[in-house]
Amino acid sequence: MAACTVRNCQSGCYRNEDDDSVKTEKSDLINVTLSNGNVPDFANHHNLCLKCKLNKNLASSGTVSIDGDICRFCFDCFRGNLFGKFKLAVTSNAMISPMDNVLVAFSGGPSSRVVLQFLHELQQKAQKNFDASRDRSLPVFGVGVAFVDESAVSRIPSDEFDKAIQDMKSIVSNLAPPAKAFHVVPIESIYSSNGRDRLKELLNAVKDVTGKEDLLQHLRMLSLQKIAHENGYTKLLLGSCTSRIACHVISATVKGQGYSLPADIQYVDARWEIPVVLPLRDCLSQELNMLCCLDGGSLKTMEVLNSPHAGINGLVASFVSLLQEENPSRECTIVRTAGKLTPFHFNQIPDSDDSNTKLASRRRQKKFNLRPNESTPIESYCLICNGPLSKSDHINSSSPGSDETSGYKFGATWCPSCQFQILPKEPSSMEHFYSFLPEQFVVRAKERSSGIRRQLRGANTRFPAFRQ
């Protein structure tokens, strides 16, 4: 049998012992020696970790059944690689500064559990550096955890919900110092009065299954923003990973949200009052699930709250999962392709006096062709999902019909997805639908509408040609 001539062949085919590739490979293994003098086993070197070449990889250990390059690492290198992705996203995008107070959105699933653990480790390291420094000029950023209680509209039994919340409290309290506050807020608290009844009426007014699920997601973000604002947090950290973003890319395209898609898939989203950051954007859900399974039970998750998607979202999730089974790199390809879309001006951390933040912002402006704040365009946003609107969307949602059918008297505009999946079809029902919206929606729409009019008046004053 002929000898294989490929140096990095991993197929296990026959190779002559006198081959230069074999000699070089053995030489590399000999050089990899532990501090206690142990040397890797030459006979089983194909089962060793691709990175450290010391421990058995995950595939040979028989503990995982996932294909791909991640199974060629040992657990320590696999975890270190995953943490490296997280840390690179945080540092290169200036997500967290020493003066920040970060709120982690916690659902109990693998993504939010891993992001909480990794952020805790970053905070611990910052605390050690602070304690060891002489001048102590850089403070340690704060961390809080928030859970949105959706028991008012969920089909999950209340006792299971209560048990899950107690488990979450235990997880947060068992983390080593610095201590972290744990906030549990009912989703109906976004209303000033009669929250539970008004929330149920609002969801019942939405007949489309996909629209109802999307509306609940928007209300969840509104609740998190409310928690962050009331408790003095400066950043909101979500556990959205590559797999979830890939599903959003396809579902948003199907729903007609192509214009606003670049706003939702970036590392930073500062269109909200409290900027939202996604440090797990480069991590797959399979990797996060594997880490939680292999970490000896320390990364406990709550499956009871992970309900399956419905409507378009459920179909897209099944479709992307099937693609991922056929090709483990498919989700990364989807996100990488969508990432070529030009981000909006708010997909960067707002200006800060911190020099590290300024440097990272300049790097992102150069890398992603972002426009500086002084060239910020006038944007209009959807009343419900807060997505940026194209010029045609703005005209279609606010020009036809009377004020009652368009909602223009509220200063309201909406994207095609919300218009066809959430808003009622009958014009006579619009007033009834508006009466159940949280006050924050209407206030935000009026404030932005007046802000746009002020910017337009300023532009007309500086450039008289605009008046024509």
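This is a tutorial dialogue on reading a predicted model of a protein.

Student: What share of the contacts between residues at least 6 apart in sequence join residues at least 24 apart?

Tutor: The share is 68%, taken among contacts between residues at least 6 apart in sequence.

Student: How is a pair of packed helices described?

Tutor: Two packed helices are described by two quantities, the angle between their axes and the distance between those axes. Here, the axes of helix α3, residues 75-92, and helix α4, residues 110-132, come within 11 Å of each other and cross at roughly 70°.

Student: Which residues make the contact of α3 with α4?

Tutor: On the α3 side the contact is made by R79, L82, F83, F86, K87 and V90, and on the α4 side by V115, Q117, F118, L119, E121, L122 and K125. Sorted by class, this contact of α3 with α4 has 8 nonpolar, 1 polar and 4 charged residues.

Student: At what angle do the axes of α7 and α11 cross?

Tutor: The axes of α7 and helix α11, residues 311-326, cross at roughly 90° and come within 6 Å, so α7 and α11 are roughly perpendicular to each other. In this contact V209, T210, E213 and D214 of α7 meet G311, I312 and N313 of α11. By class, the contact of α7 with α11 has 2 nonpolar, 3 polar and 2 charged residues.

Student: Which residues does S223 touch, leaving out those up to four places away in sequence?

Tutor: S223, which is found in helix α7, residues 209-230, touches V148, I187 and I190 when residues up to four places away in sequence are not counted. S223 counts as buried because its relative accessibility is 1%, and the cut-off for that label is under 20%.

Student: Is D167 buried or exposed?

Tutor: D167, which lies in helix α5, counts as buried because its relative accessibility is 17%. With residues up to four places away in sequence not counted, D167 touches K300 and M302.

Student: How many disulfides are there, and how far is the sulfur of C74 from the closest cysteine sulfur?

Tutor: The general idea is a distance test, in which two cysteine sulfur atoms must lie within 2.5 Å, and by this rule the count comes to 0 disulfides. The sulfur of C74 is 3.5 Å from the closest cysteine sulfur, that of C77, which is too far for a bond. C293 is likewise in no disulfide, with the nearest cysteine sulfur, that of C292, 6.9 Å away.

Student: What is phi of A94, and what is phi of N386?

Tutor: For A94, phi is near 50°, a positive value in a residue other than glycine, and A94 has its place in the loop between α3 and β1, residues 101-105. For N386, phi is near 65°, again positive in a residue other than glycine, and N386 is found in the loop between α13, residues 355-368, and α14, residues 391-398. A94 is buried with a relative accessible area of 8%, and N386 is buried with a relative accessible area of 0%.

Student: Where does F73 lie, and what is F73 in contact with?

Tutor: F73 lies in the loop between α2, residues 58-61, and α3, and F73 is buried, with a relative accessible area of 16%. Leaving aside neighbours within four places in sequence, F73 is in contact with C49, L50, K51, N57, L58 and F78. F73 and A59 are 14 residues apart in sequence, and their C-alpha atoms are 8.1 Å apart in space.

Definitions and conventions: Residues are numbered from 1 along each chain as its sequence is written. This is a predicted model: local features need pLDDT of at least 70, side-chain atom pairs count only at pLDDT 80 or more; totals for chains, interfaces and linings use all residues. Side-chain values use heavy atoms; hydrogens and water are left out. Axes are lines fitted to C-alpha atoms, for helices over the stretch in contact, and angles run from 0 to 180 degrees between N-to-C directions. Helices (H or I, at least four residues) and strands (E, at least two) are DSSP runs, numbered from the N terminus. Contact means heavy atoms within 4.5 Å. Ala, Val, Leu, Ile, Met, Phe, Trp, Tyr, Cys and Pro count as nonpolar, Asp, Glu, Lys and Arg as charged, and the others, Gly among them, as polar. Buried means under 20% relative accessible area, exposed over 50%, partly exposed in between (1.4 Å probe, protein chains only). Angles under 35 degrees count as roughly parallel, over 145 as roughly antiparallel, 65 to 115 as roughly perpendicular and the rest as oblique.
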